[in-house]
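Let us read a fold step by step.

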Amino acid sequence: MSTTEAQLVDIFNSIQGEGLYVGERQIFVRLAGCNISCQYCDSESALQIPQEFTVETDPGMHKVQKFKNPTSVDQLVQLIEAFGKDFPVSLTGGEPLLQVDFLKNFLPKLKQKKYLETNGTLPDHLAEIIELIDVVAMDIKLASATGLSSYDKEHRRFLEVAYMKEVFVKIVFTKKSKIKEIDEAVRLIADVDEKIPLVLQPVTPHGAIKHRPLPDQIFAFYNVARRRLKTVRVIPQVHKVLGLS
């Protein structure tokens with residue numbers, strides 16, 4: 001990927017709907033491209049690189065301007081600063097770390113607090129920019145949700161790197177998710193540090209009703225996680241509930 005230009009999907013100002021910072025207003029920069037494809041993906045538009053990306057002009061009103069991909073470091077900084085300098089910036093996707101060369105040049109230009117939302121499968125890329133990030137929101141991908149083999153080795157190495165900064169883990173789970181998968185993920189986290197917070201995230205409707213876990217599953221997964229970790233929370237994808245981007 002380019003060191004001076006980024007491939008984007010959209011930039012918008014909204015309410016964080018996932019993880020420990022639910023309810024905080026942030027500027028979201030959605031980078032294009034992903035190295036995996038989850039069955040419950042809520043950002044399918046980010047799986048491919050579009051010819052144009054959109055920038056929200058009126059938060060919450062779905063009014064946008066279109067710009068051509070790719071965009072430069074300076075242009076992206078200007079577009080972000082137009083929302084104001086008080087909001088944290090959340091890098092999301094897709095998978096932002098696929099464009100790590102660009103991020104190395106871009107992140108030092110930002111003065112705001114910087115969040116990275118990532119699928120946690122590219123530890124070497126994270127190591128290249130970890131000093132430039134403030135908060136890492138790391139997903140652990142379950143095989144039952146991705147249809148792929150486990151990412152245990154990558155997730156473990158990734159979490160060890162992310163532990164240099166503030167980090168919490170999210171696990172999106174579905175009706176098909178298994179107790180064994182949750183237990184293995186929890187063991188992985190606890191082996192690094194039992195104090196790392198875990199957010200259990202039931203897949204939230206908007207086309208995902210058939211995948212939504214049952215109440216007894218939610219309680220069972222929570223109980224399994226709480227045996228080994230100090231902080232466990234169950235939080236749905238709130239932005240979907242509110243009808244936000």
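The dialogue below goes from the whole chain to single peptide bonds.

Q: What kind of model is this, and how are residues numbered?
A: This is a predicted model: local features need pLDDT of at least 70, side-chain atom pairs count only at pLDDT 80 or more, and totals for chains, interfaces and linings use all residues. Residues are numbered from 1 along each chain as its sequence is written, and side-chain values use heavy atoms, with hydrogens and water left out.

Q: How many helices and strands are in the protein chain?
A: Helices (H or I, at least four residues) and strands (E, at least two) are DSSP runs, numbered from the N terminus. The protein chain has 8 helices and 12 strands. Its radius of gyration is 17 Å, close to the 18 Å that the globule rule gives for 245 residues, so the chain is as compact as a globular protein of that length. The radius is taken over C-alpha atoms, and the rule is 2.2 Å times the number of residues to the power 0.38. Along the principal axes, the C-alpha atoms fill a box of roughly 45 × 35 × 30 Å.

Q: In what order do the strands of the open sheet run?
A: Strands of a sheet pair through backbone hydrogen bonds, either parallel or antiparallel. Two strands count as paired if DSSP finds at least two bridges between them. Here 10 strands form an open sheet with mixed pairing, in the order 5-4-2-3-7-8-9-10-11-12. Strand 5 (63-68) and strand 12 (232-234) stand at the edges, each with a single partner strand, so one side of each has no neighbour in the sheet.

Q: Do strand 4 and strand 5 pair in the parallel or the antiparallel sense?
A: Antiparallel: strand 4 (residues 52-58) pairs with strand 5 over 6 bridges.

Q: At what angle do helix 5 and helix 6 pack?
A: Angles run from 0 to 180 degrees between N-to-C directions, with helix axes fitted to C-alpha atoms over the stretch in contact. Helix 5 (residues 152-162) and helix 6 (residues 179-192) pack at about 30°, with axes 10 Å apart. That makes them roughly parallel (under 35 degrees). The contact (heavy atoms within 4.5 Å) involves residues including His155 and Leu159 of helix 5 and Leu188 and Ile189 of helix 6.

Q: Which peptide bonds are cis?
A: Most peptide bonds are trans. The bond from Asn69 to Pro70 is cis, with omega near -5°. Pro70 sits in the loop between strand 5 and strand 6 (71-72). The bond from Gly93 to Gly94 is also cis, with omega near 15°. Gly94 lies in the loop between strand 7 (89-92) and helix 2 (100-106).

Terms used
Parallel < 35°, antiparallel > 145°, perpendicular 65-115°, else oblique.
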